[in-house]
Amino acid sequence: MNHNDYDVLLGISPDIRQFAETLIEHSCFGICGGKARLTDVRSGSVSFIAGCEGDRFKVLLPYAGQTLTWEVIFDKYSPEESPDFIFGSEDTDFSPDIADIKTLVDWDYHNPYALLQVIEELLRMYKAHQERIVEAYDRLQFEYSSLVNQSDITSQHVEVHILRFESKVGPISFLIRLPVDFTRIPPFLSKDNPGEDSAILLISFLSPSSSKITPQLYLSPKVEHALGGAANLRIPAFPSDGCLLDYVPNVSNLLSNKVDQVVANFEKRKEYIAAFLSHFGRSLLEYDADAFTKISFLFEWNDFFFIFLIDLPQFFPQEQPEFKFQSIYHQDAKRKPFIQPFGEYPYSPRWTGNEMAQRAKSFILKNISDFQKASVHSGSLN
């Protein structure tokens, strides 16, 4: 709970504060798993004492990429009574019958989760209400029904919101959780980013018949880091003659292919390290046993000892490893170990790990004499 939430709670009457506190701390709404926020605490009493007697407040709820603002009204003089609700001004036709809201009918003042449970039920009803509105517009009805009936996307993975104000309809938002399996991502990529694995696609139509359609992809921090950052995850524009049924699976497949690439690159790096351990294990200094991105050896050639380091890039084997010779005797002008890097040498991403290890041995034998001379002439003794 942050400082602002704490200040809001202090303004609510102690007799109903438990409901607001539970709502803030334990809410996890909709596809995005968002939190509720509370604002505008007021009192229905004319003798309102600022700071501790509020019995009504607005709740900001995440839904379909939008924020719904509902007002919750308690009576601090009868705190055991269930609250009333005022929904947004754009949703005048959303007016569920109280008798149909089971959690409200069965309101339990002694249950601190009571308000949270009512809002969860109301959001389910609101989702069904928005889905019914979609049916009034042929194109939107086609987009929605074809997506949930003819693809791997189910209605539970889609939230739709149609903004209507007077005679204007739009924009229309489709918030979609993509069914991508992120469990295969190597653990080292997610250990510093706890939380869920999720990919959410928000697609906005300017109006029911508009050709202006804007897609936005939102990844959880854990997934974004694992797949190489936002710059590495550009999604295609929505085609002018496209539809959700074609576009959404394409984006989902794009992400699945990214996961496949990350897993394949990890396995290739692992294979590479294993091959070098097999060939040169007795000379090993250290290696990265989590991400398999580094390995180093202490070698000897004609009584000259040196360290051979290998840095494997994230997108190995498409990208070439970097070799480095490091002297154990000499320093450079900055009094650091004398190092000579090699970024370019005969290389093919199609070679096996064993072949790469064998070719690395040939590379070392071909270049070690020149490195020895360079370290002697260019460096100073430790």
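# Close-up views of a predicted model

**View 1. Ser 190 lies in the loop between strand S6 and strand S7 (199-205).** Strands (E, at least two residues) and helices (H or I, at least four) are DSSP runs, numbered from the N terminus. This is a predicted model, in which local features need pLDDT of at least 70 and side-chain atom pairs count only at pLDDT 80 or more, while totals for chains, interfaces and linings use all residues. Residues are numbered from 1 along each chain as its sequence is written, and side-chain values use heavy atoms, with hydrogens and water left out. With a relative accessibility of 16%, Ser 190 counts as buried; buried means under 20% relative accessible area, exposed over 50%, and partly exposed in between (1.4 Å probe, protein chains only). Ser 190 and Val 223 are 33 residues apart in sequence, and their C-alpha atoms are 7.6 Å apart in space.

**View 2. Ser 198 is another residue in the loop between S6 and S7.** Ser 198 is buried, at a relative accessible area of 8%. Neighbours within four places in sequence aside, Ser 198 is in contact (heavy atoms within 4.5 Å) with Arg 177, Phe 182, Tyr 218, Leu 219, Ser 220 and Val 223.

**View 3. Leu 255 sits in helix H7.** This leucine counts as buried, at 2% relative accessibility. When neighbours within four places in sequence are left aside, the contacts of Leu 255 are Leu 178, Val 180, Ala 199, Leu 217, Leu 219, Leu 227 and Leu 233. From Leu 255 to Asp 197 there are 58 residues in sequence and 12 Å in space, C-alpha to C-alpha.

**View 4. Phe 174 and Ile 203 touch the most other members of the largest nonpolar core, which has 69 residues.** Helix H7 gives the largest share of this core, 14 residues. Domain 2 (137-261) and domain 3 (293-381) both contribute residues, so the core lies between them. A nonpolar core is a set of buried Ala, Val, Leu, Ile, Met, Phe, Trp, Tyr and Cys residues joined through side-chain atoms within 4.5 Å. Leaving out neighbours within four places in sequence, Phe 174 is in contact with Leu 140, Tyr 144, Val 158, Glu 159, Val 160, Leu 201, Leu 202, Ile 203, Phe 205 and Leu 244. A second, separate core holds 38 residues, including Phe 29, Leu 68, Trp 70 and Leu 104.

View 5. The bounds come from an automatic or database domain assignment. Eleven residues of domain 1 are in contact with 14 residues of domain 2.

**View 6. Lys 268, Glu 271, Tyr 272, Phe 316, Pro 317, Trp 351, Thr 352, Gly 353 and Met 356 line the largest cavity.** A search of the whole structure finds one cavity of 30 Å³ or more. The volume of the largest cavity is about 40 Å³. On a 1 Å grid over the protein atoms alone, a cavity is a set of points where a 1.4 Å probe fits but cannot get out, and lining residues have an atom within 4 Å of a point. Points are joined across faces, edges and corners, and the volume is the space filled by probe spheres set on them. Helix H7 (244-280) and helix H8 (353-378) each supply at least two lining residues; the largest share, three residues, comes from H7. The lining divides into five nonpolar, two polar and two charged residues, where Asp, Glu, Lys and Arg count as charged, Ala, Val, Leu, Ile, Met, Phe, Trp, Tyr, Cys and Pro as nonpolar, and the others, Gly among them, as polar.

**View 7. Phe 292 and Asn 302 have a positive phi.** Most residues other than glycine have a negative phi. Phe 292 has a phi of about 55° and lies in the loop between strand S9 (284-287) and strand S10 (294-301). Asn 302, with phi near 50°, is found in the loop between S10 and S11. Phe 292 is buried, with a relative accessible area of 11%, whereas Asn 302 is exposed, at 59%.

Definitions and conventions. On a 1 Å grid over the protein atoms alone, a cavity is a set of points where a 1.4 Å probe fits but cannot get out, and a pocket is an open set with protein on both sides within 12 Å along at least five of seven lines; lining residues have an atom within 4 Å of a point.
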